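Open your viewer and get ready to select residues by number.

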Amino acid sequence: MITLYDNPFSPFARKVRMVLDYKGLAYDSVDALALSEHSELARVNPRAEVPVLVDDGFVVSNSSEIVAYLDEKYTRPSVMPATAELRAKVRRWQRLADVTLDAIIHDISIWTWPTHHRNDAPPEGLLAAGMADVTRLLGALETELTANAYLCDTLSAADLALFPHVSSLRVLGIGTAAHPKIEAWIARMRSLPAVRKDLDYVKGAVREKFVTGGSPYESEKIVWRGDRIEWLFHNGFVDWWIAEWRAGRAVVPSAV
Ligand SMILES: N[C@@H](CCC(=O)N[C@@H](CS)C(=O)NCC(=O)O)C(=O)O
């Protein structure tokens, strides 16, 4: 039996959920970022991050490792292409999605979250820096996509890692209209049953989870994984982050 410590809004959990559905695997999903589940999540993953997969008692955390485990254990259909070159390309784009794109989108989107009702404004220059870097990454993606295929020919972990991030850009006012190959790729992704199921799940969760005006999630503190701090510091927002930390709003996950 497979249990996924999940969350409808986590791009990493969404990637894993889409891989499970694409492979036709049955699983139970627990919304593990709900405060009521926090101690159970910390029991299976000391970093208290989703996703975590428990397969007949065997625990795997970190989304790219979960995807690799699933692809090795449940081999068909595979989310890795056949050649070493294409596999390297999948790993590079999965890392760009998980580490780089995630960090930028996380750092510039805080003020739009339905969980944290921030009454301050982003520090000056943050949104512009984020938009510039996202635009650069979209340009690279447009260059590497071909007109009628997935990023690495067949559907792969790279597409499934990128999709939750790329499809969330609209909320931030970042359009993809200038990138026809990305637009066609988004349409191709949206036609897949596993992706449609994920989008329905996210939409349903938006309706369900915030219905009372409150939410089952943390509403004050923000968890700052290393990559998210790195992007912020690289762009010079060190003092802003330290002020967040001093105000007790910043949490850093455990390294061990
Ligand atoms: N490298 C990890 C990152 C996972 C991650 O950052 N998860 C976030 C949600 S998007 C999380 O669980 N944060 C803890 C929290 O918000 O309490 C992966 O690929 O699985």
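Start by selecting Trp-93, Leu-96, Ala-97, Leu-101, Leu-137, Leu-138, Leu-141, Leu-162 and Val-166, which line the largest cavity. On a 1 Å grid over the protein atoms alone, a cavity is a set of points where a 1.4 Å probe fits but cannot get out, while a pocket is an open set with protein on both sides within 12 Å along at least five of seven lines; lining residues have an atom within 4 Å of a point.

You are looking at a predicted model, where local features need pLDDT of at least 70 and side-chain atom pairs count only at pLDDT 80 or more, while totals for chains, interfaces and linings use all residues. Residues are numbered from 1 along each chain as its sequence is written, and side-chain values use heavy atoms, without hydrogens and water.

Now colour your selection by class: the cavity lining has nine nonpolar, no polar and no charged residues. (Nonpolar covers Ala, Val, Leu, Ile, Met, Phe, Trp, Tyr, Cys and Pro; charged covers Asp, Glu, Lys and Arg; the others, Gly among them, are polar.) The volume of this cavity is about 40 Å³.

Next, show helix 4, helix 5 (126–144) and helix 6 (157–166), each supplying at least two lining residues. Helix 4 gives the largest share, four residues.

For the last stop, select Ser-64, Val-67, Ala-68, Asp-71, Glu-72, Val-79, Met-80, Arg-87, Arg-91 and Gln-94, the lining of the second largest pocket. Here the classes are four nonpolar, two polar and four charged residues. Helix 3 supplies the largest share of this lining, five residues.

How values were computed
Points joined across faces, edges and corners; volume = space filled by probe spheres on them.
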